[in-house]
Amino acid sequence: MKKIFLSPFFSPLFFILCWGALLGVVLIYFPQDKFLITEDGQILEFFTNLGYVLMLAGMLFLSKDYASRMTDWGIYLFLGIAAFLREAGIQHHLSRTDSTPFKSRFFLNPDNPLSEKIIFGLILLIIFGALFYLGVKYAKHLIVSFFKLNTITWSTAVFCTVLVFAKFADRFPGNWRSAHHDVSLPRNQIEIWSLLEESSEVFLPYLVLIIMLQYHFLKTKKAS
């Protein structure tokens, strides 16, 4: 079983099979309730938040694996907490004058206080700086090791692919409306895009947990 778990193909197959099964269940058994299942406070959000709790617990429990790279571990933990808070909707309660302070329209709106723009701008700079640091440090290794069927690299590639797709699905209806002079997609199509976003996003923390466990077992195997 451990050999299967440590295969570079485990994460791709895990996501494809689980995501396909989830979509199948919703579309076959709850075709009229797609939006109710994906909106705030419903089933998918519960499992997403549970995933982030397990992910953060895993980061703390497996912190010894990163004893020689504590800076990286600190960045992972920081980004994990930021992602959890974002998923919990904290961004909607930070600004006194806008719905969220982490979109371009917030910084372009003259009605929003300059102090808030500075504070939240610095937070965004820290987050992007952390991502840039990891990208510069590991990009070359990830590209080279991908073709060598490195397990961690393949799992990371799956995580990044799912993340990009979820963001694309999230913004597609809005981008469509902007590109077509405020003409929205039909409601059924909006529900489909919402389902695609939420159903893929729910797997993100679980994929991170899988990556950490794979790294732990590979590190233990190498040391023995």
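**Exercise 1. Chain architecture**

Task: State the order of secondary-structure elements in the protein chain of this predicted model, from the N terminus on.

Solution: 
- Reading from the N terminus on, the elements run α-α-α-α-α-α-α-α-α-α.
- The tally is 10 helices and zero strands.
- The C-alpha trace spans about 60 × 50 × 30 Å along its principal axes.
- Of the 224 residues in the chain, 37% are buried.
- Now take the contacts with a separation of 6 or more: 66% of them come from residues 24 or more positions apart.

**Exercise 2. Helix 2 against helix 9**

Task: Classify the packing of helix 2 and helix 9, and find which residues make the contact.

Solution: 
- Helix 2 covers residues 10-29, and helix 9 covers residues 187-201.
- Their axes come within 10 Å and cross at roughly 140°.
- Antiparallel would need an angle over 145 degrees. The two helices are therefore oblique to each other.
- The crossing of helix 2 past helix 9 is right-handed.
- On the helix 2 side, F15, W19, L22, L23, V26 and L27 make the contact. Helix 9 supplies I192, L195, L196, S199 and S200.
- By class, this contact holds nine nonpolar residues, two polar and no charged.

**Exercise 3. Helix 2 against helix 8**

Task: Find the crossing angle of helix 2 and helix 8, then list the contact residues.

Solution: 
- Helix 8 spans residues 151-179.
- The axes of helix 2 and helix 8 cross at roughly 35° and come within 8 Å.
- Helix 2 contributes S11, P12, F15 and W19. Helix 8 answers with W154, S155, V158, V162 and F165.
- Seven of these residues are nonpolar and two are polar, with no charged ones.
- Cross-check with Exercise 2: F15 and W19 are also listed in the contact of helix 2 with helix 9.

**Exercise 4. Helix 7 against helix 8**

Task: How is helix 7 oriented relative to helix 8?

Solution: 
- Helix 7 runs over residues 114-146.
- Its axis and that of helix 8 come within 9 Å, crossing at roughly 110°.
- The perpendicular class takes in 65 to 115 degrees, so helix 7 is roughly perpendicular to helix 8.
- From helix 7, the contact uses H141, L142, S145 and F146. From helix 8, it uses T153, W154 and A157.

**Exercise 5. Cysteines**

Solution: 
- Next, accessibility. C18 has 30% relative accessibility and counts as partly exposed.
- C160 has a relative accessible area of 39% and is partly exposed too.

**Exercise 6. A loop residue**

Task: Where is S99 found, and which residues is it in contact with beyond its sequence neighbours?

Solution: 
- S99 is found in the loop between helix 5 (70-87) and helix 6 (104-108).
- Set aside the neighbours within four places in sequence. S99 is then in contact with Q91, H92 and R105.
- Its relative accessibility is 35%, so S99 counts as partly exposed.
- For a distance check, take A57, which is 42 residues from S99 along the chain. The C-alpha atoms of the two are separated by 30 Å.

Key. Residues numbered from 1 in each chain as written. Predicted model: local features only at pLDDT ≥ 70, side-chain atom pairs only at ≥ 80, totals over all residues. Heavy atoms only, no water. Buried < 20%, exposed > 50% of the residue type's maximum accessible area, 1.4 Å probe, protein only. Axes fitted to C-alpha atoms, helices over the stretch in contact; angles between N-to-C directions. Helix = DSSP H or I, 4+ residues; strand = E, 2+ residues; numbered from the N terminus. Parallel < 35°, antiparallel > 145°, perpendicular 65-115°, else oblique. Left-handed = near helix turned anticlockwise from the far one by under 90°. Contact = heavy atoms within 4.5 Å. Nonpolar A, V, L, I, M, F, W, Y, C, P; charged D, E, K, R; others polar.
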